[in-house]
Amino acid sequence: MATMVDVAAHAGVSVATVSHVLNDTRPVLPHTRQAVLDAIDALGYTPNTLARSLVTARTRSIGLAVSAISNPYFTEILQGVEAGALEHGYGLLLADPHDDPQHERKVVQLLHERRVDGLIVAPSADPDALLRYLGQHNVPTVFLDRLVEAPADHPFRFDQVCAENAEPMARLVGHLAERGHRRIGLVAGLPGLSTTNERISGYRHGLAGAGLPYDERLVAHGDSEATAAERATDALLSLAAPPTAMVTGNNAMTLGALRALRERGLSVPDDLALCCFDDFAWADLFAPRLTAISQPSKEIGAQAVRLLLERLASPDRPARTVRLPCAFVHRTSCGCAEPPETSGASPTDLSQKSSAKGSLS
């Protein structure tokens, strides 16, 4: 089995230079770096990761804690995190907190005890215990998808990345209002999540922009999952004056809403127009095809890795929160006719609208 000494001899450099190339501990001239990489390839050298971590106190691994890994949205985020980690030579350890604060605290501790260099976490609705642990142990951390508000005097620095929420939701509501709907229901997510709060804010803003009053009876919480969303949809449809159109707060809740509509024998959009926050691969296969907000899920994951690596390189730099624009994917579940020029989705970038990101949150 080849050793670092063998690589150094083959490349005509010192063992220290080989170490700098492997660990990125010091700049190496491009032609020298390439000679080392060629020697590694020619000799089939495999670095001893365990030994290297003992010397550098780094394992070149990232811990990822996200709930509902079966959700296509988080699956795509996982793909973005994994691609970003591999691009920079990092491995990935994965855990599911199940949106439970106590379990969240436990799995984060387990990941930390595996000596990951840093963590990427989609926090629960009650992340206090999580924040305390991360702060006590000064674990480099990036929060994704859901934003966390720490107390003003909290010393822990963490970065965050998510999609825009309020403006895209307002766009869906405004579109339904333009279609003539005056009673627009919302199946909202789990209370306490920043995504839920911001999408409700966007819903209210969309109503106001269309000159429609806010009616709290038209908002039901589907708790960000299908079964609760089915119950929430049924409650909205049971109102004395039910909605004629509805928006769902994520893709899992869209499935629950569709199930409730099917149980009542209602069709979309003839009996009720439907738009959803979160696009997914098979949204285009429904009949009718689902009008949706598409989040840049893979880019959210990749951006989280970049923020974490920046934090590892510069632990004391100011914390950053990055918001990424969404796209409006115009299909037919809203009641619009099929676009004659295409049978596929027609995404419209919302980045210009998203530039005023703080105004609706």
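Which residues in α10 meet which residues in α11? Ala226, Ala229, Glu230, Thr233, Asp234 and Leu237 of α10 meet Ala252, Met253, Gly256, Ala257, Arg259, Ala260, Leu261 and Glu263 of α11, where contact means heavy atoms within 4.5 Å. What you're looking at is a predicted model, so local features need pLDDT of at least 70, side-chain atom pairs count only at pLDDT 80 or more, and totals for chains, interfaces and linings use all residues. Residues are numbered from 1 along each chain as its sequence is written, and side-chain values use heavy atoms, with hydrogens and water left out. Helices (H or I, at least four residues) and strands (E, at least two) are DSSP runs, numbered from the N terminus.

**Helices against helices**

- Back to that opening pair: the axes of α10 (residues 226–237) and α11 (residues 251–263) come within 7 Å and cross at roughly 50 degrees. Axes here are lines fitted to C-alpha atoms, for helices over the stretch in contact, and angles run from 0 to 180 degrees between N-to-C directions.
- That angle makes α10 oblique to α11. For the wording, angles under 35 degrees count as roughly parallel, over 145 as roughly antiparallel, 65 to 115 as roughly perpendicular, and the rest as oblique.
- The crossing of α10 past α11 is right-handed, a label for the near helix being turned clockwise from the far one by less than a right angle, with anticlockwise giving left-handed.
- Helices α2 (residues 15–23) and α3 (residues 30–43) pack at about 90 degrees, their axes 10 Å apart. The two are therefore roughly perpendicular to each other.
- On the α2 side, Thr17, Val18, Val21 and Leu22 make the contact, and they meet Thr32, Arg33, Val36, Leu37 and Ile40 of α3.
- The buried residues of α2 are Thr17, Val18, His20, Val21, Leu22 and Asn23; buried means under 20% relative accessible area, exposed over 50%, and partly exposed in between (1.4 Å probe, protein chains only).

- Six strands form an open sheet in the order β2-β1-β3-β4-β5-β11, with parallel pairing. Two strands pair if DSSP finds at least two bridges between them.
- The edges of this sheet are β2 (91–95) and β11 (321–324), each of which pairs on one side only.
- On average, neighbouring strands of the sheet are turned by 20 degrees against each other, direction ignored.
- Inside the sheet, β1 (residues 61–65) and β3 (residues 118–121) run parallel over four bridges, and Ala65 has Val121 in β3 as its bridge partner.
- Helix α7 packs on the sheet, touching β3 and β4 (141–144), and its direction makes about 155 degrees with that of β4.
- Leu134 sits in α7 (residues 128–137) and is buried, with a relative accessible area of 0%.
- Beyond its neighbours within four places in sequence, Leu134 is in contact with Val108, Leu119, Val139, Thr141, Phe143 and Phe156. Phe156 is 22 residues away along the chain, with 7.7 Å between the two C-alpha atoms.

- β6 (residues 184–188) and β8 run parallel, joined by four bridges, and Leu186 stands opposite Val247 in β8.
- Both faces of β8 (residues 245–248) are covered: Ala245 and Val247 on one side and Met246 and Thr248 on the other are all buried. In a regular strand the side chains alternate between the two faces of the sheet.
- β8 also pairs with β9 in the parallel sense over four bridges, and there Ala245 stands opposite Ala273.
- Moving on, β9 (residues 273–277) pairs with β10 (residues 291–294), again parallel, over three bridges; Cys276 has Ala292 of β10 as its bridge partner.
- β10 and β12 (residues 327–329) pair in the antiparallel sense over three bridges, and Ala292 stands opposite Val329 of β12.

**Cysteines**

- A search of the whole structure turns up zero disulfides, a disulfide being a pair of cysteine sulfur atoms within 2.5 Å.
- Cys276 is in no disulfide, and its nearest cysteine sulfur, that of Cys275, is 7.3 Å away. Cys276 counts as buried, at 1% relative accessibility.
- Cys334 is in no disulfide either, with the nearest cysteine sulfur, that of Cys336, 3.6 Å away. Cys334 is buried, with a relative accessible area of 1%.
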